[in-house]
Amino acid sequence: MSACAPTTMRAASPGDITVQICVLTYKRPDLLRSTLESLMQQATCLSQSRRTLQLHLLVVDNDSAQSGHHVVDEFSLNSPHPLRYISEPARGLSTARNRALDESTWADFVAFIDDDETANPDWLVTLVAGALCFEADVVTGPVHPRYSDAPHWIKQGGFFSPVQRKTGSEVPFVATNNVLLSSSIVQIFRFDSRFDQTGGEDTEYFMRVAHNGHRIVWVQEAVVTEAIPQERTNLRWLLSRARSDANRYTRSCLSFDRGPRTIALRLFTASGGFLKGALLLPCVVFGRHCAARGLQLISRSIGTLAALRGQAHVYYRPAND
């Protein structure tokens, strides 16, 4: 973490800092087990502070069959931190995330990590230190890929590699796969159910947080690792995801401002992306990853234009529970 002298941190009053780590899960018990294993290794002392972290773990299972229940039971026996399981059978990302927030209003901070991720041992300590050091309401960090089996061109193109930002940089929005929220955010904001079947509820949520004047800060050293399954390491998935990402980003922008300036900016971005993507296609001679980048830009343009026409790209399809 970049230098943050103890004198620049908030005054550390006596007592503990309470943090609830929330894991949303849906029919991925094996991956959930790996996530919980990494959370059991989180450090409990906050560097540069006289206060101690008191960790609580909450698993919210959005599977009506409660496929994650037995996994949580396994860890509950020897968990160094309080661990609680909640079944939320009402399907929807926003519903499950809001349930987690409702169950966490007592905590000083609330962290989210996905059930296909593992956290570095100092992940939570680093997030909390960043929140205190930079007086941020929301703190996030990079998500690194862990491949099970991926073609060379996927790794060469860095399609799943995180962006690199300077610690302390402010960002306009984040995702919920590596994030820490202050109590002030948890008390006020909830996720919008309009994005349940399309994804992007976290994009809209944190845009709304930023629009209301709250600081969102990047901490490069707060690292989690995401398992990338083989079915995602192909061109079809990359293009579908690019179209979806652009579609929900634009829909999030329009949820705040549907004025001509916003529409013109999104049209300009889509047009520029389409042109740049088309120019990249001949670069296939330098490698398949180059052409894939071009096609991604074109797909993003298509997703943006669809959102401007009022069309939502369905990314999460309802399951037959």
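**An aromatic pair and its sheet**

Modeller: In this predicted model, F160 has a relative accessibility of 14% and therefore counts as buried, the limit being under 20%. The structure holds 7 aromatic pairs. In the pair of Y147 and F160, the ring centres are 6.1 Å apart and the planes stand at 80°, so the arrangement is edge-to-face. Y147 belongs to strand 7, whereas F160 lies in the loop between helix 5 (152-157) and strand 8 (178-182); the pair therefore ties together parts that are 13 residues apart in sequence.

Strand 7 leads on to the sheet. This open sheet has 3 strands in the order 5-10-7, and its pairing is mixed. Strand 5 (117-119) and strand 7 (143-147) are the edge strands, each pairing on one side only. On average, neighbouring strands of the sheet are turned by 30° against each other, direction ignored. Strands of a sheet pair through backbone hydrogen bonds, either parallel or antiparallel. For strand 7 and strand 10 (residues 224-228) the sense is parallel, over 5 bridges. Within this pairing, P145 stands opposite E226 of strand 10. Helix 1 (residues 29-39) packs on the sheet, where it touches strand 5 and strand 10; the direction of helix 1 makes about 10° with that of strand 5.

F189, F191, Y205 and F206 form one aromatic cluster. The charged end of R97 sits over the ring of F191, 5.9 Å from its centre.

Notes: Residues are numbered from 1 along each chain as its sequence is written. This is a predicted model: local features need pLDDT of at least 70, side-chain atom pairs count only at pLDDT 80 or more; totals for chains, interfaces and linings use all residues. Side-chain values use heavy atoms; hydrogens and water are left out. Two strands pair if DSSP finds at least two bridges between them. Helices (H or I, at least four residues) and strands (E, at least two) are DSSP runs, numbered from the N terminus. Axes are lines fitted to C-alpha atoms, for helices over the stretch in contact, and angles run from 0 to 180 degrees between N-to-C directions. Contact means heavy atoms within 4.5 Å. Rings of Phe, Tyr and Trp (its six-membered ring) pair if their centres lie within 6.5 Å; planes under 30 degrees apart count as stacked, over 60 as edge-to-face and the rest as tilted. Buried means under 20% relative accessible area, exposed over 50%, partly exposed in between (1.4 Å probe, protein chains only). A charge sits over a ring if NZ of Lys or CZ of Arg is within 6 Å of the ring centre and within 35 degrees of the ring normal.
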